[in-house]
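Please examine the arrangement of aromatic residues in the structure shown here.

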Amino acid sequence: MSRLPLTEPHSALQPASPAPVRETIRLATLGLVGWLVVLGLALRSWHYLRGPSIWQDEAALVLNVLGKSFAELLGPLFFSEAAPPLFLWAEKLVHLSLGDGMYALRLLPWLASCLAMVLMVPLARRVVSPRAVPWALLLFAVSDRLLWHACEAKQYAVDVLVATLLLVLYHGLERWSLQRRLALFAALAPLTIWLSYPACFLYGGLLVAWLPSVWKEAHARVWIAYGLVVAAVFGAFGLLLAGPVRAQRNHEIVDCWQELGKFPDWQRPASVPWWIVQSTLEMVDYCCRPVGHALVPLVALGCYCLWRRGRGQSLTGLVVPVALALLASLLLAYPYGGVRVLAYAAPAVILLVAEGAAFALAWLETRHRAATLLLLMLLAAPAARSAWRAAFPWNRADSAGTAAYVLAQRQPDDLVTGNDWDYQYLFRHLDLRYFSPLIEGPGAPRGRTWTIITAGTADERKRVFGAFAAGNWRVLDHQEFVRTDVFLLEPAAELSTGGSRTAGSPASGRR
């Protein structure tokens, strides 16, 4: 008994479509693909152009780019930050060429995200079944985390681009001889590994995927070319590990990821298997919020479909890079779970979800209409979330609005202090005599001071303000912004000695 095609479980029970019908379906699919790409590019451009406020980790990277030379960017970074050296250099070049504004500093990630969106078209067409292609493009276009990374001056959009590009080259150059393909990837290895830390995992997946073909060829030149790829990968990674990675890694970074549960707790070995399961679920959810957990069975189904279709090498190239990140996390070397350093896994996860979804829908549509509708609703949930976020963006602290208010209201001799790294960037043009970071603790009055406090809750902001003011200040003005309070303070002694200013009841407003 012959097997039914996995992508069309019921196709053997129906007559073949006439050629004109098939051509109509093909043209309709092409049109849908085009509109999905436009949707992805439009969402990325919308979030980039609306200029969301800079956030803390983004500000930390930006301050390194602005404050360090090219050589210094190879060493330890301010604020325990970590980023690939070539990405930092690219951002530095953008800064020197286009200035230090947020649109300039976010330009590279935005372009990388848009290019990855375009490259997903040939990648999906070469990896998954035709019915899965629109689902892959839709999920990639509307992924909440990919849209976030498209409008921040961080490296994660570039990680996604590198992952997409390497997979496109792996699948798109199949007409080349194996030796020629290996030579190309050997040449690209140093560039991509120094541009994107996860490229090490991606190359690991490709090396495993190539191995059966290399073994089958059994030709000395092919083995030499394969050895060149291995040497290039390990050489570039070794230099990276001995240089920038060693300089950037410190106990603060490790402790932070440990506290977030992105490393296993080896003091409780029995908890590690469940940690692996939970972290993998979170990783899939990161790529397909808000329903990624529910889509995990589709990932497993997508793996099965690719294997049954004889696409084992493609499956290896998708799965092994994630498995290597898990292995590195078990060795306490790389975080694993629903975190931005796993954003590079998004193309692979989304392709597998799409492949599983196409098969499940084809199987369910003539059997369980209610289940079909439920699955369609799950697949549409990320699009609904992205539409909501386009109208009501992520709840970031309004540091940009706060800084604009202070700059508009401050007098020439007023001091400014803030408790977040954002404000070191936003007030970068103030003379150092007038701006200083807010250090939690009793403040020593020096004159009229604009004090900006950002925290997740009003109680946290109140606690920080109480520790800073400590009875030495009088409040002249108080304004509330999203997750931020700004106070205009004046030393209490100046007011009590009959200074020119008098203290009234604090002004209050909301932005």
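Trp-215 is exposed, at 64% relative accessible area (exposed means over 50%, buried under 20%, partly exposed in between; 1.4 Å probe, protein chains only). Trp-215 belongs to helix 10, residues 199–217 (helices are DSSP runs of H or I with at least four residues, numbered from the N terminus).

This is a predicted model, in which local features need pLDDT of at least 70 and side-chain atom pairs count only at pLDDT 80 or more, while totals for chains, interfaces and linings use all residues. Residues are numbered from 1 along each chain as its sequence is written, and side-chain values use heavy atoms, leaving out hydrogens and water.

Across the whole structure there are 23 aromatic pairs. Rings of Phe, Tyr and Trp (its six-membered ring) pair if their centres lie within 6.5 Å; planes under 30 degrees apart are stacked, over 60 edge-to-face, and the rest tilted. Two such pairs are tabulated.

| Pair | Geometry | Centre to centre | Angle between planes |
|---|---|---|---|
| Trp-148 and Trp-394 | edge-to-face | 5.2 Å | 65 degrees |
| Phe-427 and Phe-435 | stacked | 5.6 Å | 20 degrees |

Trp-148 lies in helix 7 (residues 144–149) and Trp-394 in the loop between helix 17 (369–391) and helix 18 (399–409), so that the pair links parts of the chain 246 residues apart. Trp-148 is buried at 13% relative accessibility, as is Trp-394 at 9%. Phe-427 is likewise buried, at 2%, and Phe-435 is buried at 10%.

Ring pairs also join Tyr-170, Phe-185, Tyr-203 and Trp-210 into a cluster.

Conventions
Helix = DSSP H or I, 4+ residues; strand = E, 2+ residues; numbered from the N terminus.
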